[in-house]
Amino acid sequence: MAALAEEQTEVAVKLEPEGPPTLLPPQAGDGAGEGGSGAPNNGPNGGVGSVAVEDQPDVSAVLSAYNQQGDPTMYEEYYSGLKHFIECSLDCHRAELSQLFYPLFVHMYLELVYNQHENEAKSFFEKFHGDQECYYQDDLRVLSSLTKKEHMKGNETMLDFRTSKFVLRISRDSYQLLKRHLQEKQNNQIWNIVQEHLYIDIFDGMPRSKQQIDAMVGSLAGEAKREANKSKVFFGLLKEPEIEVPLDDEDEEGENEEGKPKKKKPKKDSIGSKSKKQDPNAPPQNRIPLPELKDSDKLDKIMNMKETTKRVRLGPDCLPSICFYTFLNAYQGLTAVDVTDDSSLIAGGFADSTVRVWSVTPKKLRSVKQASDLSLIDKESDDVLERIMDEKTASELKILYGHSGPVYGASFSPDRNYLLSSSEDGTVRLWSLQTFTCLVGYKGHNYPVWDTQFSPYGYYFVSGGHDRVARLWATDHYQPLRIFAGHLADVNCTRFHPNSNYVATGSADRTVRLWDVLNGNCVRIFTGHKGPIHSLTFSPNGRFLATGATDGRVLLWDIGHGLMVGELKGHTDTVCSLRFSRDGEILASGSMDNTVRLWDAIKAFEDLETDDFTTATGHINLPENSQELLLGTYMTKSTPVVHLHFTRRNLVLAAGAYSPQ
């Protein structure tokens with residue numbers, strides 16, 4: 001891991017200030033986002049850099065905090081004393097104070113191990129590990145393997161726990177109760193740990209109930225501090241450029257019988273009204289530089305508007321049809337899927353390190369002719385774009401070779417000219433869909449890259465990987481423009497906000513973070529999942545975020561207020577894909593349990609309690625209404641659902657590889 005630490009500290013320091021001309025350089029003190037969650041911001045060394053091994057002084061400094069030695073034989077007594085006190089306290093305080101069990105258990109165990117009391121540590125672990133919440137099982141498994149001081153030196157989980165303070169949110173009354181108890185008992189060992197390693201976020205008001213606490217806890221470093229979700233987020237959409245919809249011949253033929261002029265007017269108004277009103281929550285148009293619209297983009301927008309008028313309005317009484325693309329005989333191992341916005345192409349990333357692109361329409365895939373043939377073409381002719389294509393290369397499938405490891409992420413550019421793929425080999429590759437060749441290999445991650453995604457406006461893209469950071473790139477820069485550091489474990493999935501000013505990342509540390517593209521700051525931290533997060537999607541209006549994880553739950557978040565607003569239970573395995581319908585009425589979720597489920601998004605988000613009190617204390621009351629919101633469950637024979645996509649007319653396309661039992 002030494003290389004990781006050195007590379008990251010260097011990268012964070014070197015790359016950031018230079019920042020390419022496309023984006024303003026970040027302000028001082030960003031670089032590494034928020035350091036560790038809840039840790040003091042130690043700059044680039046905060047959350048990620050501290051996995052150094054050769055930098056012995058660094059690690060020793062981190063571990064030396066465990067030197068203050070209590071009597072090793074007393075640890076069990078201290079812990080059981082506190083446990084007894086919490087279990088006998090009033091119900092209203094018990095739920096809140098029970099949050100202390102896990103972080104204290106871990107730190108006391110690590111203190112014993114660090115001070116080489118192996119037997120005491122072992123007996124302490126065996127006696128109390130069964131009391132911890134079930135969602136910490138994986139962490140406890142890692143912990144149980146740390147039995148000697150030497151094991152601690154290179155262990156990332158351990159170092160994360162040490163460098164980032166565990167965050168607990170407790171009401172003032174419960175905190176006073178705890179403080180009084182520890183001072184009366186002269187229980188310094190525990191009090192020292194509370195002060196040294198925990199960050200207690202105290203709020204005034206009623207203590208939270210067990211149910212409210214359970215909804216929010218479960219991440220590697222406790223809950224998010226309330227401060228972390230206070231900064232302003234511009235979650236509104238950017239103003240659409242005004243494009244006149246021309247009347248073309250097709251429309252005239254198709255709509256003659258209904259009287260064309262009548263048909264056209266309302267269409268143009270509905271498009272105009274959408275773009276003229278400026279969203280009050282939108283970022284300024286020029287907050288980050290976005291690429292200019294090309295003529296081809298304008299044509300595509302016009303096509304999109306025409307399709308929109310034929311879109312089906314979905315709702316509980318009008319569910320979409322689902323068209324499932326099953327990859328049969330995918331012995332290469334299907335690891336990623338993406339579909340273009342206009343649903344004309346589908347790409348699959350495979351474990352044999354290839355990327356395959358299929359045409360879903362009758363239009364075959366063709367490459368551009370060789371240079372010698374291109375020179376013979378009359379460049380002035382009207383159909384020059386048609387002439388440059390080589391008919392001899394037409395086929396339904398193209399295979400792209402170049403990666404040297406499984407391909408875990410794939411993403412089409414909005415204009416369908418490029419395809420991104422990210423792989424276990426640590427690179428992200430940009431492929432041309434005109435020549436079907438690799439144009440660039442972006443090297444920045446040192447470890448597998450789990451996901452990559454193009455910005456909705458093209459040009460920018462984001463990638464996240466095993467090195468626990470997400471990177472923001474521009475297609476014409478070979479180095480990242482931003483490094484988003486702060487997660488305590490792999491970044492499994494990345495998504496751009498519809499206005500392209502923010503990036504959401506879901507991680508194996510069981511948190512979701514929202515990053516500001518402008519300055520690299522972390523502006524939201526969402527905790528509540530009990531397992532690594534594998535899917536994210538923003539609602540089309542930019543206000544909400546849905547996240548899915550290995551715990552089978554789909555959580556809904558209000559980005560503006562930084563609150564969890566819903567929990568959808570039903571899946572029995574990892575939720576791999578989430579997608580809102582084009583107008584945001586329905587949320588579709590696909591899972592490893594071989595089902596696609598449709599949820600009523602309008603009902604889930606209506607009459608939300610977002611008063612000041614809720615926002616200030618994070619007291620959320622989640623209604624147990626998963627069954628009411630579930631509109632339908634659709635089983636596949638034996639195909640985990642890897643990807644979901646709503647076409648412009650609101651038909652659902654789902655994809656996965658058939659896995660015989």
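Colleague: Which helices do the buried residues of α3 pack against?

Modeller: In this predicted model, the buried residues of α3 pack against α4 (91–97), α5 (101–114), α6 (118–128), α10 (172–184) and α11 (188–197).

Colleague: Which residues of α3 are buried?

Modeller: They are Y75, Y79, L82, K83, F85 and I86. These residues cover an arc of only 165° around the axis, which puts them on the same side of α3.

Colleague: And what is exposed on the other side of α3?

Modeller: On that other side, E77, H84 and C88 are exposed.

Colleague: What should the 14 residues of α3 span?

Modeller: Helix α3 runs over residues 75–88, and at 1.5 Å a residue it should span 20 Å. The C-alpha atoms at its ends are 20 Å apart, which agrees with that expectation.

Colleague: Let us turn to the pair α3 and α10. How does one describe two packed helices?

Modeller: One gives the angle between their axes and the distance between the axes. For α3 and α10, the axes come within 12 Å and cross at roughly 140°.

Colleague: Is the crossing of α3 and α10 right-handed or left-handed?

Modeller: The crossing of these two helices is right-handed. On the α3 side the contact is made by G81, L82 and F85, and on the α10 side by L177, L178, H181 and L182.

Colleague: What word describes how α3 and α10 lie to each other?

Modeller: The word is oblique. An angle over 145 degrees would count as roughly antiparallel, and the axes of α3 and α10 cross at roughly 140°.

Colleague: How many residues does α10 have?

Modeller: Helix α10 has 13 residues. From its first C-alpha to its last it reaches 18 Å, close to the 18 Å expected at 1.5 Å a residue.

Colleague: Which residues are buried in α10?

Modeller: S174, Y175, L178, H181 and L182 are buried there. Seen down the axis of α10, the buried residues fall within an arc of 130°, so they line one face of the helix.

Colleague: What covers the buried residues of α10?

Modeller: The cover includes the helices α3, α4 and α11, together with the strands β1 (166–171) and β2 (198–203).

Colleague: I should like to ask about F436 next. Where is F436 found, and what is its phi?

Modeller: F436 is found in the loop between β10 (427–432) and β11 (437–443). Its phi is near 55°, a positive value in a residue other than glycine. At 11% relative accessibility, F436 counts as buried, because the cut-off for buried is under 20%.

Colleague: What about N650: where is it found?

Modeller: N650 is in the loop between β28 (643–646) and β29 (652–657). N650 has a positive phi of about 70° although it is not a glycine, and it counts as buried at 3% relative accessibility.

Colleague: Is T572 buried or exposed?

Modeller: T572 is exposed, with a relative accessible area of 67%. T572 lies in the loop between β23 (563–568) and β24 (575–580). The C-alpha atoms of T572 and S591 are separated by 8.2 Å, and these residues are 19 residues apart along the chain.

Technical notes:
Residues are numbered from 1 along each chain as its sequence is written. This is a predicted model: local features need pLDDT of at least 70, side-chain atom pairs count only at pLDDT 80 or more; totals for chains, interfaces and linings use all residues. Side-chain values use heavy atoms; hydrogens and water are left out. Helices (H or I, at least four residues) and strands (E, at least two) are DSSP runs, numbered from the N terminus. The expected span of a helix is 1.5 Å times one less than its number of residues. Buried means under 20% relative accessible area, exposed over 50%, partly exposed in between (1.4 Å probe, protein chains only). The arc is that of the directions from the helix axis to the C-beta atoms. Contact means heavy atoms within 4.5 Å. Axes are lines fitted to C-alpha atoms, for helices over the stretch in contact, and angles run from 0 to 180 degrees between N-to-C directions. Angles under 35 degrees count as roughly parallel, over 145 as roughly antiparallel, 65 to 115 as roughly perpendicular and the rest as oblique. A crossing is left-handed if the near helix is turned anticlockwise from the far one by less than a right angle, and right-handed if clockwise.
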